Structure formats: structure tokens, C-alpha cells
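Student: I have a structure open on my screen. Can you show me how to read it, feature by feature?

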Amino acid sequence: MKSLEENFKKNKVSCVSVIKVKGGDIYRGVSFAIERVGGVNLKGKSVLIKPNLVDPRLPESGEITNPEVVEALIKYCKEKGAEKIVVGDGPSYYQSETRLKDCFTKTGTAKVAEKCGVKWVIFDDLSYRKFRNVSPYTPPEFMVTDLVFTSDVIINVPVMKTHFMSKVTLAMKNLKGTLKRENKPKFHRNLARAVVELNKIVRPTLNIVDATLVRKDFPLLIAGKDIVATDAVTSSIMGFNPEDVEMIKFGFEEGLGEINLDKIKVEGDDLKGIKMNFFLPSEKIKEKFPLLKLEVENACCGCLIPILSCLSEFEESKEKLKIKLRIVAGEKEEKILKTPFPNTVFIGNCTKKVAKNFFVEGCPPDEKEIKKTLKNFFIREEQTQDKKRGIII
Ligand code: SF4
């Protein structure tokens, strides 16, 4: 990868635009954000717009790209003469086949694409290109959607959010959606390194981080052609040092872009010192469930994702832990049994050796089974209140 690094150092001054969306005019924000980083030649081109549609959630959840940003991008591309525009993504591995379409329809993305007269596609329905023996960090064989190789322009549109394993999940990680779904879990074994390898294969023309719904009073868009610089500036706005985010650091070391904030030219609104002070997911869990102890250090996403998804469902339905609980996943030493803890749920076959009482087997374990087991320890908030008032329900 030396040549990439040398090339980058020789030729580029990285530029990232940070634009505050004013008066709810997302189209204006999108146009500014693109123009401030030098624009993109779209005339007569085929364009792939790649949002983050990991789950069939509403945009307000902060988990998926705001469809209004996708709509503004479609309009911008049309106005600049793009010949063909496609909106595409490959949702999470943990979505059932039947929910893949929901990731486009329930999120509102299908509706804006149809309104603008462009096609939306689930990558799983199209052809893939096979890669073999790319690096020690990636699976021996994996597939990437053909669409990233057949489109002239790729516009990568992640959402500003944190991630349990990689601290942040921004432009670099959003490209994981281009992988065939069954290859995704294996990328989590060495997530930061594997995503960097994928970023050497899939090279977006432009990245636009959607932060329009993070804070209603401060809707932002962050754009850049240098994917590492875009993520570095965004993570710094979120309150993290980009040097502490492995994926960004390894991306810089591999010559994919600039990490040094002093060397990145930031264009757009004067937002000096703006910090959004995001909490890491582990801190958020501690705050929401103070009685919970998570021991999941060696677990891969096969266990982590369903555990976190159950916790987030409990949170959404206002369910609280009624007693102290420890959740254990990933390879563990026998000595864990000696640590006194009254209630422990062991999740996944990695914990089989040490598991007692509450054990959800499988690799990966079934999310429904995890939820059923954890449910024994949770109670709805109003039930707690009603009990306090002496009402038996
Ligand atoms: S049981 Fe399987 S899915 Fe769970 S942590 Fe172990 S390897 Fe990953």
C-alpha cells in the first residue's frame, strides 16, 4: 500500500466541509456541502447513492440516513446532469430476509426514491464480485456488490453515530453495507483492520455524513472526498480524538487519507470548537441500566448485535432491570465462575464451558431466545410504579 500513501502525501490537501442546515433547507445544505469541497462531475454519469439503511427504523432513531438527505442528493445529481441514479444498500446480516425490503420502505427511503423517479435496490438482489486472499484481516473469500464497480460515481451517505466495537461508525464503516450479507459477521473479528481493507477496494467519490437529526437545533452535514479526513473531522465534532479511533488511524497509516486535523482544510460555516459530546454506547448502557454488568470483551458481533438490540428494545419499551444482572458473552476463563454475581446470563457457545443456569446456546445465538431469557430480569416502568402504589397487575 506504499504507493497509495505516497500518492496521497504528494498530491492532496484534504478538504472537508461542515455545513449547518439553515431553515430546514436540506437541499441547500447538501449543495453547499458538495460545492465547498470542489463539487463532483456528474454530467452523463451513473451514480450510486449509498445511505445507511441497516435497520427498518425511523429516521428520528438516529440509526439510519435521513431520507430527506437522500432526496436532496437525488435532486442535486439530477440538476447536475447525472444520467442514471440508483439508491442502494445491503442491510444488516441480522435482518431476516423478510425485513430487507422494510429497510427501504419503513425508513422512508423507498418513498423519496420513487417520488424522484429513481430506482432503489437491495444489493442482495444483484450480482456480487468475489475477492480472495485479500489480507490476513479479511475472510479468505468475500463478495462486494458489483454496483460499486459499475457506477461512475459513488456517494457514500452515512449517519453520525457511535458503535459498540469501533467507537464511531461513519463513512469508512458505512461501506460494510456493500458486502454480501453473510460475509459481514466475519469482518467483525478484526473490524477496524478489515474495514480499512474494504476501503482500499471500494473508493467513494464523495462522502456526506448526515447529522441532520442528531440535534434538532443544530442540523449538520459534513462532506469530503477524502474518507479518512471526513471521518476525522466528524469524530472530532462528536467529541472523540480521531487518533483514538482505530479505523481512522489505520486508514491514515495505510495511506487512505489524512487524520491530522491541522492539515485538513475545513470549509463552510464557522463552527470552531463545536463539540456534540457523544457518549459511547457502553457509557449509555451504564446510564440506562445501572444494575447491568456487561462482560462481552471477547465477543464478536454475532452475540453483541442481538444483545445490544434486545437492550435497545427494552429501553424503547421503557423496561428497567428489576435486579442486578450480569451478561456474559465471548470466550471466558473458568475463573469467571469464581466471581460472585447473583444473576448471570451466558450467551453464545463461546460461554458453554463456563455457563450455568441461564444459558442461550448457538453461534450466533438466536435473538428471540436471548430476549426471552433476558426478559426474566426486566420489568416495565409503569409496572414498577403501579407496584409502588400497591396495585397488583
Ligand atoms: S458464540 Fe459465536 S457469535 Fe457468539 S461470540 Fe462466540 S463466536 Fe461470536
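**Reading the structure**

Tutor: Start with the largest nonpolar core, which has 84 residues; Val-16, Val-30, Ile-49, Leu-73 and Leu-221 touch the most other members. This is a predicted model, where local features need pLDDT of at least 70, side-chain atom pairs count only at pLDDT 80 or more, and totals for chains, interfaces and linings use all residues. Residues are numbered from 1 along each chain as its sequence is written.

Student: What is a nonpolar core?

Tutor: A nonpolar core is a set of buried Ala, Val, Leu, Ile, Met, Phe, Trp, Tyr and Cys residues joined through C-beta atoms within 7 Å. A residue is buried if 20 or more other C-beta atoms lie within 10 Å of its own, exposed if 12 or fewer, and partly exposed in between; the C-beta atoms are placed from the backbone. In soluble globular proteins, nonpolar side chains tend to be buried together.

Student: Which residues does Ile-49 touch?

Tutor: Two residues are in contact if their C-beta atoms, placed from the backbone, lie within 7 Å. Leave out residues up to four places away in sequence, and Ile-49 touches Val-70, Leu-73, Ile-74, Ile-85, Val-87, Ile-155 and Val-157. Another core lies apart from the largest one. That other core has 28 residues, including Phe-289, Cys-310, Val-360 and Leu-374.

Student: How do I read two helices that pack, such as α3 and α5?

Tutor: First, the labels. Helices (H or I, at least four residues) and strands (E, at least two) are DSSP runs, numbered from the N terminus. Axes are lines fitted to C-alpha atoms, for helices over the stretch in contact, and angles run from 0 to 180 degrees between N-to-C directions. Now the case: α3 (residues 67-79) and α5 (residues 109-116) pack at about 20°, with axes 9 Å apart. So α3 is roughly parallel to α5. Angles under 35 degrees count as roughly parallel, over 145 as roughly antiparallel, 65 to 115 as roughly perpendicular and the rest as oblique.

Student: Which residues make the contact of α3 and α5?

Tutor: From α3 come Pro-67, Val-70, Glu-71, Ile-74 and Lys-75; from α5 come Thr-109, Val-112 and Cys-116. By class, the contact has 5 nonpolar, 1 polar and 2 charged residues. Ala, Val, Leu, Ile, Met, Phe, Trp, Tyr, Cys and Pro count as nonpolar, Asp, Glu, Lys and Arg as charged, and the others, Gly among them, as polar.

Student: At what angle do α9 and α11 cross?

Tutor: The axes of α9 (residues 191-201) and α11 (residues 246-253) cross at roughly 45° and come within 9 Å. That makes α9 oblique to α11. In α9, Ala-192, Arg-193, Val-195, Val-196 and Asn-199 meet Glu-246, Met-247, Phe-250 and Gly-251 in α11. This contact divides into 5 nonpolar, 2 polar and 2 charged residues.

Student: Which residues of α9 are buried?

Tutor: They are Leu-191, Ala-194, Val-195, Val-196, Glu-197, Leu-198 and Asn-199. Their cover includes α7 (171-174), α8 (184-187), α10 (227-238) and α11.

Student: What is the handedness of the crossing of α13 and α14?

Tutor: A crossing is left-handed if the near helix is turned anticlockwise from the far one by less than a right angle, and right-handed if clockwise. The crossing of α13 and α14 is right-handed. Helix α13 (residues 301-316) packs on α14 (residues 367-375) at about 50°, with axes 9 Å apart. The two helices are therefore oblique to each other. Pro-306, Ile-307, Ser-309 and Cys-310 in α13 meet Glu-367, Ile-370, Lys-371 and Leu-374 in α14.

Student: What should I look for in the backbone?

Tutor: Most residues other than glycine have a negative phi, and most peptide bonds are trans. Here, the peptide bond from Cys-363 to Pro-364 is cis, with omega near 0°. Pro-364 sits in the loop between β17 (358-360) and α14. Asn-133 is not a glycine, yet has a positive phi of about 45°. Asn-133 lies in the loop between β5 (128-132) and β6 (141-145).

Student: Is Asn-133 buried or exposed?

Tutor: Asn-133 counts as exposed, because it has 9 C-beta neighbours inside 10 Å. Asn-277 also has a positive phi, near 50°. Its place is the loop between β12 (265-268) and α12 (281-288). With 8 C-beta neighbours inside 10 Å, Asn-277 counts as exposed.
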